[in-house]
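Me: I would like to go through this model with you in some detail, one question at a time, with the terms spelled out as they come up.

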Amino acid sequence: MRRVLVLGATSAIAQQVARLYADRGAELFLVARNEERLGAVADDLRVRGASVETAIADLDDPARHDELLARAAPLELVFLAHGVLGDARDTGGTAEAADAVLRTDLLGPVSLLTRAAQRLEAQGSGCIAALSSVAGDRGRGSNLVYGAAKAGLTAFLSGLRNRLSGAGVRVVTVKPGFVDTPMTDHLPKNPLYASPERVARDVVRAIDTGADVVYTPWWWRFVMLAVRLIPERLFKRLSL
Amino acid sequence: MQPLESWGRYPPARQAAVSVHWRSDPLPRVHGTLLPFGQGRSYGDCCLNEGGTLLATSRLDRFIEFDPEQGVLRCEAGVRLGDILAFAVPRGFFLPVVPGTRFVSVGGAIANDIHGKNHFRAGTFGCHVRRLELLRSSGERAVCSPAANAELFAATVAGLGLTGLVTWAELQLRPVKGPFIEAETVPFRGLDEFFALDADSSERFEYTVAWIDPRPGGVRGLYFRGDHSERAGKAPSVRDPAALPLDLPDFAVSGPTVAAFNALYYARGRLRTSRKQVRYLPFFFPLDAVGRWNRVYGKQGLLQFQCVVQDRAAVSALLERIVSSGLRSSLGVLKTFGDVPSPGMLSFPRLGATLALDFPNRGAQTFALLDALESIVRDAGGALYPAKDARMSPASFAAAYPRAAGFERHVDPAFSSSFWRRVRAA
């Protein structure tokens, strides 16, 4: 892929993915909210060999989506990486907090990717890759809204892949497990945590090889298989 | 994040840690004092802050600007030297000073004013820092260089992280043709042979260092010397090595095991004395082949000793004392420093011979040896290296670092370290 649109370019995983494309001399179009941070990311990628354009935008605002995609055109690879975890213990109880998480993690991505898919379908080529999460594989009490948003995104990506399979457009669903990023800074770490560098290598390999759904690290596929097999009658009593 | 410890894993310390993700962010508000923490490659307690907070900088790992004509690189302070080399070597540049591991951050290299195998020519790392930005607890961002904010610059180079958080630095790189080093290995026996070899080699080679095995019956060693090759070539792609997955038991570093390792290493070196081209990684960073090699020393950890003394008799006395202690060291290094001045007020390298060894932490036995070595160094008017130290007394520090009082005026009031409180204890 020569041209990459990175949505949520200041996210830790997106930065590492963008570096791997910068090493290949790619053309990057980076979108993020914070101007100073986006500038730091863009400078880094330029030094590493990419040609970089940037746009400041709040991706929660669907009114910006068409304009952003038009500016980033022609699209080749669209990598969607933005998201928020929310904090179930502090805010998960309020409907407002749930609304904010759903807007950022599901409604915004669906709006963006629907529009991106129309453009890619029209040109008959390209690839969409998006960060979902293992949290979407089964709802847990500790991050149920985040899990619900990612479950929705996973289902949406699956449907998009199905719809676009005949149109020459690929869709890659990435399901990271725990990743050591600013999103999880406040949580105690354990050996299940992966580095954003590791996740990024898996993302780029999945895009290169034409995978549909990739768990990263790979063994999460089996962990989540086991988690999904637990009967609900038992699952509901587990502290997860 | 993982609980943070120093490379020697001694002393243990309890402290909070906060990651710094963006250089534009203000310092976090915390209880207690702050200390920047890069890659944790300092051996003792100068990267620890018992009861305070560490500012983990590993995510400040972005490049900012590169001038391919002049070889000037500006980058964030958490960038590792190995990442700079992986970037710079294919573009025809090299760091002017590299230590024995590529897994140190730019901030750590500045804070400890590290040296390489070419100190007699290139001086310390700080000699090649053109500018840096220092974020103080007052919120001030001071751009410091030998010309602007010169005193603060001199305090920050070798300043052990105490003057504030270095957010970025601008480094002068040096041109190279490719990734190769023309290297030679020369076996030697005895200190006289070492010093003769060293005098001859430093005239003709840019990089010199000796591995030594101090043992009953006299020291022996392998003298390594090399230059950047004129040969162009593709730089190898660099991945982080597999890490040692567990702490090894005590016998891994017992006397007989170390003696056997040293004998094998020496014998292997004697078979490989011809001049040859090697890639820069194994020449400069042989220990980096194994990630987390400090786990060889087990949970108790290791204590490093590194000093510089002018007097050859003192080197000899140090080696004799080590041999008589019965403790063996497998990573003994001997080299000489030149007289290139460093900008840093607390810089360690100075004219003389520098001896570095590591010892397993055997409690009182190891401490007694280190105390004895420290007094030999003090009597010889030498200095111990803060980056390697977990034991030196306030008196030794004051004697070896006479500019400490002047330095102290530049210490940020919100910053401190376990090392600093130890050596400045009244």
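Me: Leaving aside its neighbours within four places in sequence, with which residues is Arg59(B) in contact?

Reply: This is a predicted model, in which local features need pLDDT of at least 70 and side-chain atom pairs count only at pLDDT 80 or more, while totals for chains, interfaces and linings use all residues. Residues are numbered from 1 along each chain as its sequence is written, and chains are lettered from A and ligands numbered from 1 in the order in which they are written. Two residues are in contact if their C-beta atoms, placed from the backbone, lie within 7 Å. Once neighbours within four places in sequence are set aside, the contacts of Arg59(B) are Ser19(B), Val20(B), His21(B) and Gly78(B).

Me: Where does Arg59(B) lie, and is Arg59(B) buried, exposed or partly exposed?

Reply: Arg59(B) belongs to the loop between S3 and strand S4 (63-67) of chain B, where strands (E, at least two residues) and helices (H or I, at least four) are DSSP runs numbered from the N terminus. A residue is buried if 20 or more other C-beta atoms lie within 10 Å of its own, exposed if 12 or fewer, and partly exposed in between, with C-beta atoms placed from the backbone. Arg59(B) has 19 other C-beta atoms within 10 Å, so its class is partly exposed.

Me: Which residue is the bridge partner of Ser19(B) in S3(B)?

Reply: S1(B) and strand S3 (residues 53-56) of chain B pair in the parallel sense over four bridges, and two strands pair if DSSP finds at least two bridges between them. Ser19(B), which is also one of the contacts of Arg59(B), has as its bridge partner in S3(B) the residue Ala56(B).

Me: What is the order of the strands in the open sheet of three strands in chain B?

Reply: The pairing in this open sheet is parallel, and its edge strands, each of which pairs on one side only, are strand S1 (16-19) and strand S2 (34-37) of chain B. From one strand to the next the twist averages 30 degrees, with axes as lines fitted to C-alpha atoms (for helices over the stretch in contact) and angles running from 0 to 180 degrees between N-to-C directions. The order of the sheet in chain B is S1-S3-S2.

Me: Why is chain B as compact as a globular protein of that length?

Reply: Chain B has 12 helices and 18 strands. The radius of gyration is taken over C-alpha atoms, and the globule rule is 2.2 Å times the number of residues to the power 0.38. For the 426 residues of chain B the rule gives 22 Å, so chain B is as compact as a globular protein of that length because its radius of gyration is close to that value, at 20 Å.

Me: What is the radius of gyration of chain A?

Reply: Chain A contains eight helices and seven strands. The globule rule gives 18 Å for its 240 residues, and the radius of gyration of chain A is close to this, so chain A is as compact as a globular protein of that length, the value being 17 Å.

Me: Which residue is joined to Pro217(A) by a cis peptide bond?

Reply: Pro217(A) sits in the loop between strand S7 (213-216) and helix H7 (220-229) of chain A. The cis bond has an omega of about -10 degrees, and the residue that it joins to Pro217(A) is Thr216(A).

Me: How many charged residues are on the side of chain A that touches chain B?

Reply: In the model, which scores ipTM 0.93 and pTM 0.95, 11 residues of chain A are in contact with 12 residues of chain B. Ala, Val, Leu, Ile, Met, Phe, Trp, Tyr, Cys and Pro count as nonpolar, Asp, Glu, Lys and Arg as charged, and the others, Gly among them, as polar. By these classes the side of chain A that touches chain B has three nonpolar residues and no polar ones, and the number of charged residues is eight.
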